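This briefing concerns the predicted model shown below. Please read it alongside the sequence and the coordinates.

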Amino acid sequence: SLVERTLQSARPVYGINTGFGHLVDVAVPAPELQQLQVNLLRSHAVGVGAPLSIDEVRAMILLRANSLARGYSGVRLELIQALIALLNAGVHPVIPSQGSVGSSGDLAPLAHMALVLIGEGEAIYQGSWLSGAAALDAAGLQPLELHPKEGLALINGTQMMTAVGALVLQDAFNLVLAAEVAAAMSIDALMGTSAAFHPKIQEIRGQPGQIASARRMRSLLEGSSIADAHRDSDHKVQDSYSLRCVPQVIGAIRDALDFAREVVAREANAVTDNPLVLAEDQLIVSGGNFHGQPIAMALDVIGLALTQLGNFSERRTYKLLSPAESGLPAFLTTQPGSNSGLMLTQYTAAALASENKVLAHPSSADSIPTSAGTEDFNSMGGGAALKARRIADNVSRIIAAELICAAQGLDFRRPLTSSPPVERAHTAVRAVVPQIDEDRSLGPEIEALAAVVLKGTFSEVMGTE
């Protein structure tokens, strides 16, 4: 191979027969080259904090194998097969979530992943937390002996931030669809109008997300007897922004997430190693494909978009609980005073929305130099990924809070009914959160409904665009 021929020539090539980072000028003798790769994994596995989820770990392994399989990283087929074997056997490295600055790739997280391949580190296997060696043995797998360049190839890449980003994006699109369902339910509970969703006014602005969101809102509200009951009423000239501007706000969020999805999809299939082995040109070239700037910025966009989705939802929850604005009983209880109703549901939504506003500050706007200044501009994409995930979790709870309040609001409009799609959504909410007749602790029910939201249940019940 080109890597082997390079070693025979004794020409210094970064990471193959030299040190790493600021130690690039240190030549490594031939007898120490294999140990160099093992030492690299050990020294770089300095992650801290809560471990990544099993889904995130599996996505990382798959994405790393996919990148290496492109054939530009100078590794053997056996290494790629060893990664796939981990997935197939259900051996999941324990990967601390914090420690990546996202520019020489996700070095620390990927080093924790790679250690298990050589029988070191720690892993989860069949629910047990084991040493890497014990996990491989229990799964009937053998530790891999690294060849020159292979340790570096395993850890130089953006697979942690891309894996987390891809999974957060799936949650994000489920959250958008659930938010539109919640908005439709709130509009009917508040006796709002769908007039502002007229297709022509969306088309003459021309924003694709807005057009799609308005189309879905019209579909969600079609056939509502609540709307029919006040269609000719002059009780409102126009609704407040949190109802009237659903297509404009959620549409902008759709467009932002579509942009992020394109970036993440490209990165999932990218070669992000360094140096890269260009066999067709007989070259090994040091470059910067490991730099996480593209994915870091996309992750910050996801975080900002979801923050706005949560802010928007919380405003409708507030409105549903305010009798002067809703025309419904205060805090949606028939026994005010002795019962506080859903008052604190909005407090929780407000707390989460406020936390998200802090989290939405872009990680990619920051940089701290590392490796004695050799790595002098870092993307901080690892932090952007973790923030986006936390924001998505918070927003699932904010939307769950709105769904609970909107469902309760619809109950007060009986015997009038909403549209068939919204009534199906109401049934889905009630399957998790029964009608609130007397005060009870709703925290666990918000959590349970948030999990249903993230699963995509409301997109399935309502249909997707």
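**Helix packing around helix 3**

Helix 3 (residues 54–68) and helix 4 (residues 77–89) pack with their axes 9 Å apart, at an angle of about 160°. Helix 3 is therefore roughly antiparallel to helix 4, a term applied to angles over 145 degrees, whereas angles under 35 degrees count as roughly parallel, 65 to 115 as roughly perpendicular and the rest as oblique. Axes are lines fitted to C-alpha atoms, for helices over the stretch in contact, and angles run from 0 to 180 degrees between N-to-C directions. Helices (H or I, at least four residues) and strands (E, at least two) are DSSP runs, numbered from the N terminus.

This is a predicted model, in which local features need pLDDT of at least 70 and side-chain atom pairs count only at pLDDT 80 or more, while totals for chains, interfaces and linings use all residues. Residues are numbered from 1 along each chain as its sequence is written, and side-chain values use heavy atoms, with hydrogens and water left out.

**Helix 3 with helix 4**

- The crossing of helix 3 past helix 4 is left-handed, meaning that the near helix is turned anticlockwise from the far one by less than a right angle (clockwise would be right-handed).
- On the helix 3 side, R58, I61, L62, R64, A65 and L68 meet L79, I80, L83, I84, L86 and L87 of helix 4; contact means heavy atoms within 4.5 Å.
- The residues of this contact divide into 10 nonpolar, no polar and 2 charged. Ala, Val, Leu, Ile, Met, Phe, Trp, Tyr, Cys and Pro count as nonpolar, Asp, Glu, Lys and Arg as charged, and the others, Gly among them, as polar.

**Helix 3 with helix 5**

- The axes of helix 3 and helix 5 (residues 107–117) cross at roughly 90° and come within 11 Å.
- Helix 3 and helix 5 are therefore roughly perpendicular to each other.
- M60, I61 and R64 of helix 3 meet P109, L110 and M113 of helix 5.
- The contact of helix 3 with helix 5 comprises 5 nonpolar, no polar and 1 charged residue.

**Helix dimensions and burial**

- Helix 3 has 15 residues and reaches 21 Å from first C-alpha to last, close to the 21 Å expected at 1.5 Å a residue; the expected span is 1.5 Å times one less than the number of residues.
- Buried residues of helix 3 include E56, V57, M60, I61, R64 and L68, where buried means under 20% relative accessible area, exposed over 50% and partly exposed in between (1.4 Å probe, protein chains only).
- Helix 14 (residues 293–321) has 29 residues and reaches 43 Å between its first and last C-alpha, close to the 42 Å expected.
- Helix 14 is mostly covered, with 22 of its 29 residues buried.

**Individual positions**

- L130 lies in strand 5 (residues 128–131) and is partly exposed, at a relative accessible area of 26%.
- Leaving aside neighbours within four places in sequence, L130 is in contact with E122, A123, Y125 and A135.
- L130 and P93, 37 residues apart in sequence, are 9.4 Å apart in space, C-alpha to C-alpha.
- G206 lies in the loop between helix 9 (199–203) and helix 10 (208–221), and counts as partly exposed at 42% relative accessibility.
- The C-alpha atoms of G206 and R413 are separated by 36 Å.

**Overall fold**

- The protein has 20 helices and 7 strands.
- The C-alpha trace spans about 85 × 50 × 35 Å along its principal axes.
- Of the 465 residues in the protein, 54% are buried.
- Among contacts between residues at least 6 apart in sequence, 78% join residues at least 24 apart.
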